[in-house]
Amino acid sequence: MTDATAPGSSASYTTGGAFYRLVWKWHFLASLYVLPFMMLLSLTGGIYLYKDKIENWLYADQIFVTQGAAPQSYEAQISALETHSVITRLRGVTTYDDPTRSTMIEFNDGAKIRSYAWVNPYTSEVLGVTARDDMPMRILKTIHSEILLGKTGTKFVELAAHWAIVMFITGAYLWWPRKTRSLKKAISPPSGSPKTRSWWRDTHLFTGFLATVLVVPILVSGLPWTDIWGGGLSTIQKATNQSSGSLRFGGQVPNSTASEGTTIDYAQVFAVARAQGLQAPYEMRPPRTAEAAFWLRSASVNRNDQDELIIDQYSGAVLKRHNFADNPVVAKTVSYGISFHQGELYGWLNTAQNTLAAFLAFALSVTGFVAWWKRRPSGSLGVPKAPEAALSPAMILLVVGLSILFPLVGASLIVALILDWLIFKRLGWFRAA
């Protein structure tokens, strides 16, 4: 880090003296919690960007087939699966309108485990069955979102995301050129030897500058998935009529016009989707009762194509249609953000950008750790010196604003202050050497 006046000096509180030290201390303490998570999330998230390519490779002999003369009915394919495995609930069928792709069937097996099966549409041969939660990419996603701790884990990950944003804000302030450090120097790659502490410090600053530009948008776009922040956003959306109109999870979904009769076959359902102009692949969920209807959507990675239909199970009539374009502004923005987070919004360029962001986040974690390790005094955490005086009004306003915007930041600050008062001060933890 650049030199700054020690606490108690007469240097300006806002131009690189005590204020700089205070921001550095906040940055350091935030990093203690954030960096281990950032290493894990950048690694798992970076790999997950290539989910489709990895699964196409892992399950190539199940996903891809040799084109035959004519496909068998979907009912015949499901019947073959029933012979192969017990089906306690048929959850859905996905077809790709690609003659070289198998049919994917989602179901609950005899033990009520949610599973996927791939069936050759030309022969009805069951090519493979696997439990959804045993799939490598599913496990990776669970680690990324829950660190394998369920609902409790999601809170730790969300807290890390909130504090990561604080870390980037404080890091940007520390990076900002001041005194003899020019803008040209600040945006230039580090020079010198990796054996020196200054090289690791400069590498951390340079990596942080790039990561702030690329990683912060990914952090923000992932917040709608979280329990606390995302739950709050959902409440606001409902109160302001900005929620998605998706038909996927129920809501105002009409039933079929009759409660008995002959259910149309699945091929007719997919034919309705084509006639309605939906883009393949199609994901269909069959009705679970005699009164219910088919739900179908375009499973295209392009959000603008993800339209949905409710189809009468007896007549094949479209009872309701929801187009993605009809969603309110906030719902569409959230959806686009999720698409961006997953590297899908603008094709390979989005994937490449997020891959670079994941690499930078991992490198930022490593360089931050090494820079700290080389700087810290022996036998100490090496907490940066900072004034113990009351915060300035501007700093108080910033803290309050961040606590309102990111509730877990405020809650964790309260807990940290209580622990500091009861325990840390007495033990001398988190104090400058």
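Reader: How many cavities of 30 Å³ or more does a search of the whole structure find?

Author: In this model, which is predicted rather than determined by experiment, the search of the whole structure finds 1 cavity of 30 Å³ or more. About 60 Å³ of space lies in the largest cavity.

Reader: Why is α1 called roughly antiparallel to α5?

Author: The axes of helix α1 (residues 18-48) and helix α5 (residues 136-146) come within 9 Å and cross at roughly 150°. Angles over 145 degrees count as roughly antiparallel, and therefore α1 is roughly antiparallel to α5. The crossing in which α1 passes α5 is left-handed.

Reader: Which residues make the contact of α1 with α5, and how do they divide into nonpolar, polar and charged?

Author: From α1 the contact takes Leu40, Leu41, Thr44, Gly45, Ile47 and Tyr48, while α5 brings Met137, Leu140, Lys141, Ile143 and His144. These residues divide into 7 nonpolar, 3 polar and 1 charged.

Reader: What makes α11 roughly perpendicular to α12?

Author: Helix α11 (residues 329-341) and helix α12 (residues 347-375) have axes that come within 9 Å and cross at roughly 65°. The range that counts as roughly perpendicular is 65 to 115 degrees, so α11 is described as roughly perpendicular to α12. The contact between them is made by Ser339, Phe340 and His341 of α11 together with Asn350, Gln353 and Asn354 of α12.

Reader: How many residues of the contact of α11 with α12 are nonpolar, and how many are polar?

Author: The contact of α11 with α12 has 1 nonpolar and 5 polar residues, and no charged residues.

Reader: What is the peptide bond that joins alanine 280 and proline 281, cis or trans?

Author: The bond that joins alanine 280 and proline 281 is a cis peptide bond, with omega at about 0°. Proline 281 is found in the loop between α10 (266-275) and β5 (282-285).

Reader: What is the phi of lysine 112, positive or negative, and where is the place of this residue?

Author: Lysine 112 has a positive phi of about 65°, although it is not a glycine. Its place is in the loop between β2 (103-108) and β3 (114-119).

How values were computed: Residues numbered from 1 in each chain as written. Predicted model: local features only at pLDDT ≥ 70, side-chain atom pairs only at ≥ 80, totals over all residues. Heavy atoms only, no water. Axes fitted to C-alpha atoms, helices over the stretch in contact; angles between N-to-C directions. Helix = DSSP H or I, 4+ residues; strand = E, 2+ residues; numbered from the N terminus. Parallel < 35°, antiparallel > 145°, perpendicular 65-115°, else oblique. Left-handed = near helix turned anticlockwise from the far one by under 90°. Contact = heavy atoms within 4.5 Å. Nonpolar A, V, L, I, M, F, W, Y, C, P; charged D, E, K, R; others polar. 1 Å grid on protein atoms, 1.4 Å probe; cavity = no way out; pocket = protein on both sides within 12 Å on 5 of 7 lines; lining within 4 Å. Points joined across faces, edges and corners; volume = space filled by probe spheres on them.
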